[in-house]
Every structure is written in structure tokens, then in C-alpha cells.
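Okay, thanks for coming, everyone.

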Amino acid sequence: MKAWDAYTDIVCIGDPDFKNKMPHMKDLFAKKDDMTGPYAVYYLMYEAVARQLIEEDLASTDWESSKGAINKGGIASMVPGSWAVQQCRDQGETPEDVKYMPFPITVNGKRYASAGDNYGFGINNKAAEDKAI
């Protein structure tokens, strides 16, 4: 459930710089008539909980087994980042069934999805080969 907080940015408002503007905004979490913004994200999360569409234990996760469960139909949907798609596809017999979709909030007729890698490495191409850490 904590992953939902990451969606209170471009996916709910359409502005890639929104998180930088948040500290300066008045009534940031107020309900908007068009159901965009952080309120909309938390409203969707509230509704998922109220309708019991979530995992039983909200404080922990078993990431390794959930990757296979979504691939095999044991989980209907998840809210990870785009980096998780391939890991989930790799855990079952029907990788083509695992898809990535935009967050379900429409902003001015568009839906947004953020994309990011899982881990990144920086390599200094000027470092001596014998200076490994």
C-alpha cells in the first residue's frame, strides 16, 4: 500500500514538476471536481481498502512470491513501478498476460504512467582496473 504515495505526482496531475511545487501549494489534498491530484490517489486507495481488494497484511509484502502469483492469476493487479514488469513476466508460463497500464486517473483526457529502472550502476571509465572497491 505504501507504493501508492509515489503516484501523487505526474500520474495524478500531469505535471512532471508537481512534487517540487507541492510544499508551496494551498489545499494540496483537497478534493478536485475533476478527481485529479493527490486526493484522487488516496481516494482510490481508500476505496480499494473499503472494498477489501487488497492483501490482508498491509504492513509487509512477499515480493518474490507475488511476482509469480500475478503471472499465474493469483493476484489481479499490483501497483509497482514499470521496472517490475519483466520480473513478473519471468515468473510464469504466460508472460504475455502481464501488462503495464497508466494509473487510473484521467487528467485533461490523458492518462499518465511513470517509467523507471530497477537499479542503476555508475561506472567511471577513467578508473584504473586495479582500483576495484
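Let's start at C88, which is buried at 4% relative accessibility; buried means under 20% relative accessible area, exposed is over 50%, and partly exposed is in between, using a 1.4 Å probe and protein chains only. Before I go on, the housekeeping: this is a predicted model, so local features need pLDDT of at least 70, side-chain atom pairs count only at pLDDT 80 or more, and totals for chains, interfaces and linings use all residues. Residues are numbered from 1 along each chain as its sequence is written, and side-chain values use heavy atoms, with hydrogens and water left out.

Now, who sits against C88? One of the answers is K67, which is in contact with Q87, C88 and Q91, leaving aside its neighbours within four places in sequence. Contact here means heavy atoms within 4.5 Å. K67 lies in helix α4; helices are DSSP runs of H or I with at least four residues, strands are runs of E with at least two, and both are numbered from the N terminus.

Is K67 buried or exposed? Buried, with a relative accessible area of 6%. The side chain of K67 also meets that of E64 in a salt bridge, at 3.0 Å from N to O. By salt bridge I mean a side-chain nitrogen of Lys or Arg within 4 Å of a carboxyl oxygen of Asp or Glu. Both partners, K67 and E64, are in α4, residues 63-71, and they are three residues apart, about one turn of the helix. For anyone who wants the geometry: an α-helix has 3.6 residues a turn, so residues three or four places apart point the same way.

Staying with α4 for a moment, S66, K67, G68, I70 and N71 are buried there. And α5 is included in what covers the buried residues of α4. Just after α4, have a look at G73, which takes a positive phi of about 90°.

Next, the loop between α4 and α5. W83 is found in that loop, with α5 covering 84-89. W83 counts as partly exposed, at 32% relative accessibility. Which residues does W83 touch, not counting those up to four places away in sequence? W63, G116, D117 and N118. W83 and A115 are 32 residues apart in sequence, yet 7.3 Å apart in space, C-alpha to C-alpha.

S82 has its place in the loop between α4 and α5 as well. S82 is buried, with a relative accessible area of 19%. If we skip neighbours within four places in sequence, S82 is in contact with Y100, S114, A115 and G116.

Last stop, the rest of the salt bridges. Another one pairs D15 with K21, where the closest N and O atoms are 2.6 Å apart. K21 is partly exposed, at a relative accessible area of 38%. Then there's E47 with R51, side chain to side chain, at 2.9 Å from N to O. In that pair E47 counts as buried at 18% relative accessibility, while R51 is exposed at 58% relative accessible area.
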